[in-house]
Amino acid sequence: MIRWFVELNFPTLIILVFMSVFLMINSIFRRKINKTFGLSLIVTVTEMLAYSAELWIAENGGSTSLCIFFCAMGYAVRPIIIYLFVKLSIRNDNTSALFRRLILVPMFLNTLAAFSAFFTDIVYTYNSSNEFVRGPLGYFTHLVCIFYMILLMLLTIRRFCRRDYSEGLIIFLIVTVNIIAMYTESFIGMYGTGRSAYALSIVFYYLFFSVESFKRDPLTNALNRRCFYIDSEKHREELTAVVSIDLNDLKKINDTMGHAKGDEAICTAVNSIDKAVPKGCTLYRTGGDEFMILCIRKEKSDVERLLSDIRAELKKTPYTCAIGAAYTNGEELDSVCARADAEMYRDKQIYKSKAAM
């Protein structure tokens, strides 16, 4: 039986073992994210064991009730995996508590439908020969999975609208692969493809999180200094301007109201600046309260509009920033950044002069 089980699930088992090790040794993610990935592994293992037990019992003339039980277990947990992708996708969104509760309803209904096989054959049943028989609602679990996949696609579209292309692309691929796997498993009879698709989706979504953790500033989620230099080199021929930004009065905020308020000021400033940054420009946090924007293929009028939009967004907050811009003329990046910094410091002196009056 063990050999049969390993042969049936070998690719999934290897993926899950390696993923479990990564979760144990990785401490860079927040506990909530690691917990969600860990739960997704547990659910995948549960579905794998339930399906294998169901198949083994059915093929070896075991109890029909046990066949129904393990089939119900597999059906009940299958949509949970897709739901967990939804949960990860909305981790930073300001979604309401009501929405988060409502998206649990299809999972609850699916569980009721799966275990209804003990009382009715409306979803599925096993006959006296231990043959699986699908009922009128036999594809209810598949419909629930499709519901969560559609929700993921809508979240993907929203991410594309917010210019979050990286995670949007990963989610799109996860949905596409799982739809193909569900189709091949349900209508072509390639059993196990769905499970492998789930396991691989977990790994690649986790890989995306790992890559993002090295690219992003943990406090503000803006791209970090490393990315600033990598991107500036990558777009060296297309770079037209660099914008330097520095949050005003951060030391005063930290000294009088505490560092938590200082962090809040930094995050608020980043969110405001990011709203003003158009396509073709990218924001980076290069220091404590220092930020840079790389402008790719932008005219001088575009950059001036950007500076105006940033100031307009900051006026909606209690905070101000000193801002300076420098246009490229063929010199090295450090020289452009130095000129942008000089303009920024000039703006900061004007602010301090006004504050002292």
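Predicted model: local features only at pLDDT ≥ 70, side-chain atom pairs only at ≥ 80, totals over all residues.
Is the crossing of H6 and H7 left-handed or right-handed? The crossing of these two helices is left-handed.

Helix H6 covers residues 140-161. After H6 comes Arg 163, which has a positive phi, near 65 degrees.

An α-helix has 3.6 residues a turn, so residues three or four places apart point the same way. The buried residues of H6 include Thr 141, Cys 145, Tyr 148, Leu 152, Leu 155 and Arg 159. Also buried in H6 are His 142, Val 144, Met 149, Leu 151 and Thr 156. Which elements do these buried residues pack against? Their partners are the helices H3 (64-89), H4 (97-102), H5 (105-115), H7 (165-188) and H8 (193-215), together with strand E2 (132-134).

One of these partners, H7, can be described in more detail. Two packed helices are described by the angle between their axes and the distance between the axes. For H6 and H7, the axes come within 9 Å and cross at roughly 160 degrees. An angle over 145 degrees counts as roughly antiparallel, and H6 and H7 are therefore roughly antiparallel to each other. On the H6 side, the residues in contact include His 142, Cys 145, Ile 146, Met 149, Leu 152 and Phe 160. On the H7 side they include Tyr 165, Leu 169, Phe 172, Val 175, Ile 179 and Met 182. Sorted by class, this contact has 13 nonpolar, 5 polar and 2 charged residues.

H7 also packs against H3, at an angle of about 170 degrees and with the axes 12 Å apart. That angle makes H3 roughly antiparallel to H7. Here Arg 78, Ile 82, Phe 85, Leu 88 and Ser 89 of H3 meet Glu 167, Ile 171, Ile 174, Asn 178 and Glu 185 of H7. The residues of this contact divide into 5 nonpolar, 2 polar and 3 charged.

H3 has a further contact, with H8. The axes of H3 and H8 come within 11 Å and cross at roughly 15 degrees. An angle under 35 degrees counts as roughly parallel, so H3 is roughly parallel to H8. The crossing of H3 and H8 is left-handed. From H3, Arg 78, Ile 81, Ile 82, Phe 85, Leu 88 and Ser 89 take part, and they meet Tyr 198, Ser 201, Ile 202, Tyr 205 and Phe 209 of H8. This contact has 8 nonpolar, 2 polar and 1 charged residues.

Two single residues complete the tour. Glu 313 lies in helix H12, residues 300-314. Is Glu 313 buried or exposed? Glu 313 has a relative accessible area of 17%, and buried means under 20%, so this residue is buried. Leaving out residues up to four places away in sequence, Glu 313 touches Ser 272, Lys 275 and Ala 276.

Tyr 351 is placed in helix H13, residues 333-356. With a relative accessible area of 25%, Tyr 351 is partly exposed. Leaving out residues up to four places away in sequence, Tyr 351 touches Asn 248, Asp 249 and Thr 320. The C-alpha atoms of Tyr 351 and Cys 71 are separated by 69 Å, and the two residues are 280 residues apart along the chain.

Methods. Residues numbered from 1 in each chain as written. Heavy atoms only, no water. Helix = DSSP H or I, 4+ residues; strand = E, 2+ residues; numbered from the N terminus. Expected span 1.5 Å × (residues − 1). Buried < 20%, exposed > 50% of the residue type's maximum accessible area, 1.4 Å probe, protein only. Contact = heavy atoms within 4.5 Å. Axes fitted to C-alpha atoms, helices over the stretch in contact; angles between N-to-C directions. Parallel < 35°, antiparallel > 145°, perpendicular 65-115°, else oblique. Left-handed = near helix turned anticlockwise from the far one by under 90°. Nonpolar A, V, L, I, M, F, W, Y, C, P; charged D, E, K, R; others polar.
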